[in-house]
Amino acid sequence: MSEAREQLASDPPDVVLVDLMLPDGSGLDLLHDLPPGGGTEVIVITGHASVESVIEALRRGVLDFLTKP
């Protein structure tokens with residue numbers, strides 16, 4: 001995730017597609033590294049969805065939450 005954090009800080013993308021379960025943390029943790037007011041939209045895709053994780057993601061401002069089999 002450190003490489004993703006560096007990229008987000010230096011050149012924020014328009015859209016970020018991220019999984020909840022990453023080898024070194026949660027994809028939602030990357031939301032803290034987005035510049036405020038930058039306009040980057042975040043879409044979560046995961047095979048580990050729960051009602052709680054969907055609610056948390058939406059409260060943190062993700063655009064959409066997709067589940068995979």
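Guide: A residue counts as buried under 20% relative accessible area and as exposed over 50%; partly exposed is what lies in between. Keep those cut-offs in mind. The model here is predicted.

Visitor: Is Lys68 buried, exposed or partly exposed?

Guide: Lys68 has a relative accessible area of 39%. That value falls between 20% and 50%, so Lys68 is partly exposed.

Visitor: Where is Lys68 placed, and which residues is it in contact with?

Guide: Lys68 sits in the segment after β5, the strand at 64–67. Setting aside neighbours within four places in sequence, Lys68 is in contact with Asp19, Ile45, Thr46 and Gly47.

Visitor: How far apart are Lys68 and Pro13, in sequence and in space?

Guide: Read the two separations side by side. Lys68 and Pro13 are 55 residues apart in sequence. Their C-alpha atoms are 23 Å apart in space.

Visitor: Thr46 was among those contacts of Lys68. Is Thr46 buried or exposed?

Guide: Apply the cut-off again: buried means under 20%. Thr46 is at 0% relative accessibility, so it counts as buried. Its place is in strand β4, residues 41–46.

Visitor: Which residues does Thr46 touch?

Guide: Leave out residues up to four places away in sequence. Thr46 then touches Asp19, Leu20, Phe65, Leu66, Thr67 and Lys68. Take Phe65 as a case: Thr46 and Phe65 are 19 residues apart in sequence, and 8.0 Å apart in space from C-alpha to C-alpha.

Visitor: Now the loop between β3 and β4. Is Leu30, found there, buried or exposed?

Guide: Leu30 is found in the loop between β3 (25–26) and β4. Leu30 has a relative accessible area of 9%, so it is buried. Beyond its neighbours within four places in sequence, Leu30 is in contact with Met1, Ala4, Arg5, Leu8 and Val18. Ala4 is 26 residues from Leu30 in sequence, with the two C-alpha atoms 8.0 Å apart.

Visitor: Which residues of the largest nonpolar core touch the most other members?

Guide: A nonpolar core joins buried residues through side-chain atoms within 4.5 Å. The largest one here has 14 residues. Val18, Leu28, Leu31, Val42, Val44 and Val62 touch the most other members. Strands β1 (15–18) and β4 each supply at least two residues of this core.

Visitor: What is the order of the elements from the N terminus on?

Guide: Count, then order. The protein has two helices and five strands. From the N terminus on, they run α-β-β-β-β-α-β. The radius of gyration is 12 Å, close to the 11 Å that the globule rule gives for 69 residues, so the protein is as compact as a globular protein of that length. Along the principal axes, the C-alpha atoms fill a box of roughly 35 × 25 × 15 Å.

Visitor: How many of the contacts join residues at least 24 apart?

Guide: Start from contacts between residues at least 6 apart in sequence. Of these, 55% join residues at least 24 apart.

Visitor: What about surface and charge?

Guide: Of the 69 residues, 29% count as buried. The accessible surface comes to about 4,500 Å², and 55% of it belongs to carbon and sulfur atoms. There are 4 positive and 12 negative side chains. The centres of the two sets lie 7 Å apart.

How values were computed. Residues are numbered from 1 along each chain as its sequence is written. This is a predicted model: local features need pLDDT of at least 70, side-chain atom pairs count only at pLDDT 80 or more; totals for chains, interfaces and linings use all residues. Side-chain values use heavy atoms; hydrogens and water are left out. Helices (H or I, at least four residues) and strands (E, at least two) are DSSP runs, numbered from the N terminus. Buried means under 20% relative accessible area, exposed over 50%, partly exposed in between (1.4 Å probe, protein chains only). Contact means heavy atoms within 4.5 Å. The radius of gyration is taken over C-alpha atoms; the globule rule is 2.2 Å times the number of residues to the power 0.38. Accessible areas come from the Shrake-Rupley method with a 1.4 Å probe; for residues, only the protein chains shown count as cover. Lys and Arg count as positive and Asp and Glu as negative; His and the chain ends are not counted. The place of a charge is taken as NZ of Lys, CZ of Arg, CG of Asp or CD of Glu.
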